[in-house]
Amino acid sequence: MGAAAGSADMSNHLLRAAEARLPEMTAFLQQLVRTPSVNGRETEAGVAHSVAAEAARLGFRAQLMARDPARPNVLVTWGQGPAGFAFIAHTDTVAEGNPDAWTTQPFEAAVRDGRLYGRGAADNKAGLVCGLYALALLRDEGLLEPAMFHVTVAGVVDEESGASSPLGVRALLDEGLLAGSRGAIYAYSSDIVCIGHRGLLRVILRAQGQTIHSGSAAWSHGLGGINAVTGLAAILLRLETLDLPASAPRGFEGLRCTLTPGTRISGGEFESMVPAHAEALVDIRLMPGQSPEDVLAAIKRIVVEETARRPGLRVSLEVKNQLPGAAIPMNHPLVMLAQRATTEMTGTAWAIAGAGPANEGYMLIEAGIPTLCGFGPTGDNAHAPDEWVELASLPRTVVMFTNIVREYLQQVSVEKSHNS
């Protein structure tokens, strides 16, 4: 009982310290949201330099690392010890969509009723803010011995292109910049302790037909022309009803494999021409352990059957993105500490579950770094109008991050001493 009371007293002290810095965190988050970094439109350089400047203001040195000089990752590390922990957040965002669908301007970073609204607020810039201020709290409160441990906050690029980019997390792993990390948190806004995510398979189907004047006698009598658009549409409609059974591992019971045909589609050359070309993207979400080869084989069977019904139609298949589902055990110490932190700071034990959308957590898990693939402040509407984050959740998240890292690295240190 005394230990529990001591832990609560410590967390209350840390929360007061974090809440005192909420105006700074809010201003910093507003700066990041007001720096557009839409993948494929703007680079992430402005965000990276803002993070480096904020780190310097807080007394840390930042490192910029880039495979593409225009798109730098930014890393802020405190401590020199061999055992480390990493907070990861991506600095790119999806597009804002139709601004008229927003109640505030997408990059205004307006604050209303305790929420900050803007593209990237929840996904993923608030998590980056919390990670950096958790680093400051760990240092300022003397919660870790820097000679024994190190903690890194990494703002990475190009996640929104499909979570398989060589420019962000993959580059950091390849260059050894996350070496020694014994655990990590991908700091998405969340209301669960996320143990992993489904996989992603994206396929581009390209149909090639034969053009002819749509008003010609030959077309009206079926003597020429092959409509690539309707041929591809027939394939997409069959894919929509394709059954792809896959088992759900623990933590993923509420999810299933989904196939969404035509998330992007184009075709045709001119109003009066039978379309000779059509292209569509098919988005498939794979369960952990599900074979992408089996899914591709099922798609190819439908393509072969449908093209056989339409002589002259040719359809090619290109894999655009492919990444596996991944998860850590539900009883992993990092998971248990995170759930305990949610109980202490929010009064509710967050559910332990896998995420539907894919992210780069699989890269970290495959590299031997146990990772929470989504854990952070309260927010919603990622990839939708009126994306928001709850400002009061920022200090709570900073304290949760701080307590998780402190206790987890201390456990790692004890385990190492027992094994040596």
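**Salt bridges in the predicted model**

Glu42 is partly exposed, with a relative accessible area of 25% (buried means under 20% relative accessible area, exposed over 50%, partly exposed in between, with a 1.4 Å probe and protein chains only). Arg41 is also partly exposed, at 45%. The side chains of Arg41 and Glu42 form a salt bridge, 2.8 Å from N to O (a side-chain nitrogen of Lys or Arg within 4 Å of a carboxyl oxygen of Asp or Glu). The model is predicted: local features need pLDDT of at least 70, side-chain atom pairs count only at pLDDT 80 or more, and totals for chains, interfaces and linings use all residues. Residues are numbered from 1 along each chain as its sequence is written, and side-chain values use heavy atoms, with hydrogens and water left out.

The structure holds 22 salt bridges. One of them joins the side chains of Arg238 and Glu306, at 3.6 Å from N to O. Arg238 lies in helix 7 (residues 228–240) and Glu306 in helix 8 (residues 292–309), so this pair ties together parts that are 68 residues apart in sequence (helices are DSSP runs of H or I, at least four residues, numbered from the N terminus). Arg238 is partly exposed, with a relative accessible area of 27%. Glu306 is buried, at 7% relative accessibility.

Glu407 and Arg406 also pair through their side chains, in a salt bridge of 3.9 Å from N to O. Glu407 is buried, with a relative accessible area of 18%. Arg406 is buried as well, at 15%.

Salt bridges also build a network. Its members are Arg21, Glu24, Glu54, Arg57, Arg139 and Asp140.

Notes: Helix = DSSP H or I, 4+ residues; strand = E, 2+ residues; numbered from the N terminus.
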